[in-house]
Amino acid sequence: MSRTQTLITKLIIAFLITLLCMLWSLHVGTAPISWSNIFSWLSSLFAHTTADNNLTSDQNFFILSTLRGPRTVAAFGIGAALGATGLTLQTLLKNPLAEPYTLGLSGGSALGAIAALTFNLEPATFFVPLASVMGCVLAVSLILALTWRRLHYESRSLILFGVMTSLFFGALVVTLLAFLSPDKMQAAMLWLLGEFGTSRDLWIFKLGPVIFICFALLMWRAKSFDAMELGDARMLSLGFSPRQEKLIAVILCTLMTALAVSIVGLVGFIGLASPHISRRILKSSQHQWLLPASALTGGTLLIAADNLGRILAKNSEIPAGSISALLGAPVLIALLVRRHHATIE
Amino acid sequence: MLRLNDVSAGYEKPKPIIKNISLEIKAGEIFIFVGPNGSGKSTLLKTALGLLLPQSGSITLDQKNLHTLSLQERASKISLLESQISIAAPLTVDELLDLSSATSSNSLIKHDVIKALDIKKFLNRSILELSSGEKRRVLLAHALATPSEIIMLDEPFAHLDWRHQIQFVETLVHWQKNFRTTFVLAVHELNLAVQLAHRMAVLDKGNLIACDTPENIFTNPSVGEVFAFQAMIDENPIDGSRRLTLAKR
Amino acid sequence: MRTIFLLIALTSVAHASPKRIVTLSPALSEMIYAIHADDALVGVVEFSDFPEAVKKKTQVGAFNKPNMEKIISLKPDMVFLSPEGPSDIRVQLERLHLPFTIIPMDTFDHVKASAKVLGDYLQRTEEARAFEKNWDDEFKKVIKAHNRVKLFRKPIVFIEVQNEPLMAAGKKTFINEMIELCGAKNSVTQSGYPVVSKEFIATTHLDHILLADYFPTQKIKDEALAKWHSWTPTKETPVHLLNSDLVSRPGPRLLQGLKQVCEILESSQ
């Protein structure tokens, strides 16, 4: 099999695994819904037929359509966004530990979203993502203002300023929390842990297309991201503008992260682990393959984390963000131990 | 073909690293910059590429201002391989070569560079695993596979062993003859420079000291002052190539 | 003709299928029991623990994040919740076509009113009225008892709800209403549960210190008392232990809390 064929096959397998994970997600929940119910619900979606007039399956269809279905789609969409963003940031910063949150994107998004949630700006489905994006843009603008001239050269300074910015915004978030009433503070803290199962899951149907367009744009620039590995001089030599390409990458990452965060709150490690897993599996460093693979991996991981969170706690749920953090820590440690960074003199 | 008109450039305004450089590089020649460490060779190459904006002066390519060309046009005319490239991702050699737009559509060139740089056995290995000499050869192969009219190389011979240095000298000559590529190099190895160059330029502390054929350069007293040596160029008795002999001043 | 209609109407009422209700706050569960309507209760939220019988009811998840699937499968006719939870719960309930009623339980009046709302819905109007009457009676008793005592000035009280860090009950809390009804004054002027510094205690004259914390063990209780007794500024101040369940949980037991507080304040006159 040629290399391209191997890569395509691997992507297809990854896609199938993601589908299986989504099916698993449809099965998880306190209401006992059988596999036959799930499959007839799925076929009803495609065939636009109505449920057979069995009361139980009506209720099950209702739960699938209003609760589990949107939740599964949201988990996939957000995990995919985080995976793709993680990969792009790792390339941009030339740092295998970069996360969607390393540039301070999470802190800024969280500040904006919590402010919108607290002041109950209506309609929430418009204002919370908007505030999240604004907060994210604020954080990123801060970093870019500090490093603009340096964007022309190596990206090492970005990560430093990014970490500082994220600490700063994190402090702002905690300060904001202190002013909230106890119940609002509790809601905000749950959100900060990364939770599904709220009415925000539905937003994926509006924000999802935007995330998808961002992903498509990342794919369009895939070749320039490959060139980014070799530095600014090579990028120019290959016909790409280093500044422009980095700016496009930063803008797309900002948008994707902010939209993801506005739905689910802070979920860590998905963006960190997905690119590494994808590289291991694909054995390729080309972004045209790694981007879809990271997206699929991220989606699968987040769905799995959410499922575990629901399975491990009987009547309530452990937030998906907590599970991903708990599982991600060992992954992070393993990565640190094996870290590999070569400089050519 | 490539002309620098009174160019001063650097990383911070207003501290230029290279000052008031004016020179012209002709099509099809092999032009080599030499000079002590910190003389501004790398800065000059980056400025010629357009990576650094000149703080004063202008750069023209075929009479057109470098910075008015589109990115694609510029890339087709001029490219640069830096002396130090830090790579973080485990790119395989094969993938690295595929980055050059030429190789993905023209496997003939890819085949040529692989043969010329002797890297066939590394094709599926990650560049992070290779020794510094092997990495350099892979990057040189990548650079040669990129189809620009002017190919600039910063310290191409670093880390190469003797055999590969000679091999690369032959490759450059072969490339220049067959593809009419203009090569602009910055090197430390004066003896190699002398063998290879049609013309050379000497930089010191950002200033252009001399720009001439190798024979004239090394008999120029100002050059001798810069390097603190006396020099003589004659013919190597074994193969007739230019030979440089140095002695302390 | 009219008689037939009346008969039919009465029979429909009598044979109306019993309502199924879910409560999303422990206080509301307590109220259901207080009006003897617990046979309608099919789902309660976590940490509903009074009376004992409620622990046997099906749980529907946490106060902050009730399990919607569970609630749907219980097929409730009405979901009762308090305004304190995350607003998203209401959005979800509406989206899922689950009928719900919000019942505030912030003040004594709210608690009394909740009996009527619940009673009306569950057709336990008799029991609700009995609850209201008992409520009013007890209140009157307390006020009367308090009026017997003539005070030159209102005693100043500090109410602790947590020791580390030191947190007090301020205005707009139940316990504050209680001490005011019993004729005392709160040393703390902020609303809610502010964190206070020990300096504040040292520089304020206090007639009583009430401990309304939740103490998991006797040992911790004793330690808390000892702490106040051993600290110089408060060595002489009377320190009293309260049952936190009675004074901070909204619901029918507030009356008992009120009685306890007044007794304590009066007895030390």
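Tutor: C:V157 stands opposite C:N186 in β7(C), a position within the pairing of strand β5 (residues 156-162) of chain C with strand β7 (residues 185-186) of chain C, which run parallel and are joined by two bridges. Strands here are DSSP runs of E with at least two residues, numbered from the N terminus, and two strands pair if DSSP finds at least two bridges between them. The model is predicted, so that local features need pLDDT of at least 70 and side-chain atom pairs count only at pLDDT 80 or more, while totals for chains, interfaces and linings use all residues; pLDDT is the predictor's confidence in each residue, from 0 to 100. Residues are numbered from 1 along each chain as its sequence is written, and chains are lettered from A and ligands numbered from 1 in the order in which they are written.

β5(C) also pairs in the parallel sense with strand β8 (residues 208-211) of chain C, over four bridges, and there C:I159 stands opposite C:L210. With strand β6 (residues 167-168) of chain C the pairing of β5(C) is antiparallel, over two bridges, and C:Q162 stands opposite C:M167; β5(C) and β6(C) form a hairpin, with four residues between them.
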